[in-house]
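Welcome! Please take a look at the model first.

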Amino acid sequence: MWRPPQKIKWKPAPGAWPTREQALASRLFSPLRLGPLELATRTWVPAMVPWRATDDGFVTQDNLDWYARFAAGRPGAIVVEATGIRDVPSGPLLRIGHDRFVPGLRRIVDAVREASGGETKLFLQLIDFLSIRRRPEPTKFLGRHLAITERHRRALGLVDAPEAQVRDALLALPAERLAEALDARELEALRRGARERVTDLELPHIRELPRVLPGLFAAAARRAREAGFDGVELHYAHAYTMASFLSARNTRDDGYGGSRENRVRLPLEVFGRVRAEVGDDYVVGCRFLSEDCIDGGSTLDDSIAFGVAFAQAGMDFLSLSRGGKFEDAKQPAIGAAAYPYTGPSGYECMPAHVSDERGPFGRNFEPSARIRAAIRAAGLSTPVVVAGGVHGFAQAEELLAADRADVVGFARASLADPDWFTKVRSGHGDQVATCIYANYCEALDERHEEVTCQLWDRTALDEPGVRRTKDGKRRLTPPAWAAPSD
């Protein structure tokens, strides 16, 4: 993962913890209306992909244990990981592109209800993504997979040569000459792996996305409701399809790219179809970026406009993230796919304890506050979820008291300690295992290995009933916490 050149080492500073009475009187642990339902507290566990599903996208016992463990801490809401809306292979990522996935997802709902005593609300994050391939072996790419064209022949001076001779000539070229013989996308496919973009309008399935996606998202939302989820979060963030439509890099010429109004059109159409499918009595919100954090990407001004448009359309909440794009990701190793959190924009999404002068805590607070202020100035009260390096009670309470957020998201903080909410609310905040922002979890995610936290994954490995990772070296959930008797 990319690191800022300053290499300043930061330590978490959660500050003072409240007494039980102070916590119960706080805004953080006060209720909030979210569309047709009420959150018991303003605490939120954002979507995190733990890589525990089957390769066919079905729920496993490890998924159930994972979400039940978070629910035992009784946050106001949990957003279940990015769940694919298409019925296509996508590895150990949950899917909802067919009715056959509904029974397994219903088991997650039941597990969370039981573990939280019915207190925690549960939302499912719905995602679409385009094709991305692994970085190929150069000999295989140039020797077999590259489509040889007249342009290659002319570049090599082999206009009438057989294809095998052209391929041999390409394989023999030094890197700088090869870069001249291939076009930009061919060179990208060789060096980084081929990746589809929403602007590839020469591909019929890409041109058809505005016609196809609203129905796919709507069907997925219907299944989520059937499975018992309290609502859905439309994934409009990071490196994936809907965020790519919103990005200023979207230059489609079919009315779905170019201007802000055109770029937000499909996200609004998706929301409209979802709302029509599930009704007004079901929570529908979205997660989108406060900034793309890449050259030529969407800026805060763009996101302010998008936030107001989403609120005006009637979304029940808006959850804000930043960065995490493919465009500046580091070159993957041969045989691996590009990972959108390895470049500078990825660092903005998941900053680490080695940082610049701003540090890893709260990098998204100011942009999020400005988006929320614009929504309020438009006369709208849509709740805004703010996350990004929140690890202390005082920090969270300050965001809420200053009207810079309505709900506070705790991602890595809750991964480090799923009992964060119970401990703080009961006056035992001094027992919180505070995230150290080493991004151990992020490194596991990059390799698509089961995500755990170094603060607990080697603890009490011999405890009866402990389920371990595939290599047997780590536990999959942290040990249970028992409140001390007062």
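Let's start with L234: beyond its neighbours within four places in sequence, L234 is in contact (heavy atoms within 4.5 Å) with L126, F217, V270, F271, V274, V284, G285, C286 and R287. This is a predicted model, in which local features need pLDDT of at least 70 and side-chain atom pairs count only at pLDDT 80 or more, while totals for chains, interfaces and linings use all residues. Residues are numbered from 1 along each chain as its sequence is written, and side-chain values use heavy atoms, with hydrogens and water left out.

**Nonpolar cores**

- A nonpolar core is a set of buried (under 20% relative accessible area, 1.4 Å probe, protein chains only) Ala, Val, Leu, Ile, Met, Phe, Trp, Tyr and Cys residues joined through side-chain atoms within 4.5 Å.
- The largest nonpolar core has 93 residues, and L234 and Y236 touch the most other members.
- Helix α10 (residues 209-227) gives the most to this core, namely 7 residues; helices are DSSP runs of H or I with at least four residues, strands are runs of E with at least two, and both are numbered from the N terminus.
- A second, separate core holds 16 residues, including F141, L178, L187 and A189.

- R74 is not a glycine, yet its phi is positive, at about 55°.
- A460 lies in the segment after α20 (440-446) and is partly exposed, with a relative accessible area of 37%.

Conventions: Buried < 20%, exposed > 50% of the residue type's maximum accessible area, 1.4 Å probe, protein only.
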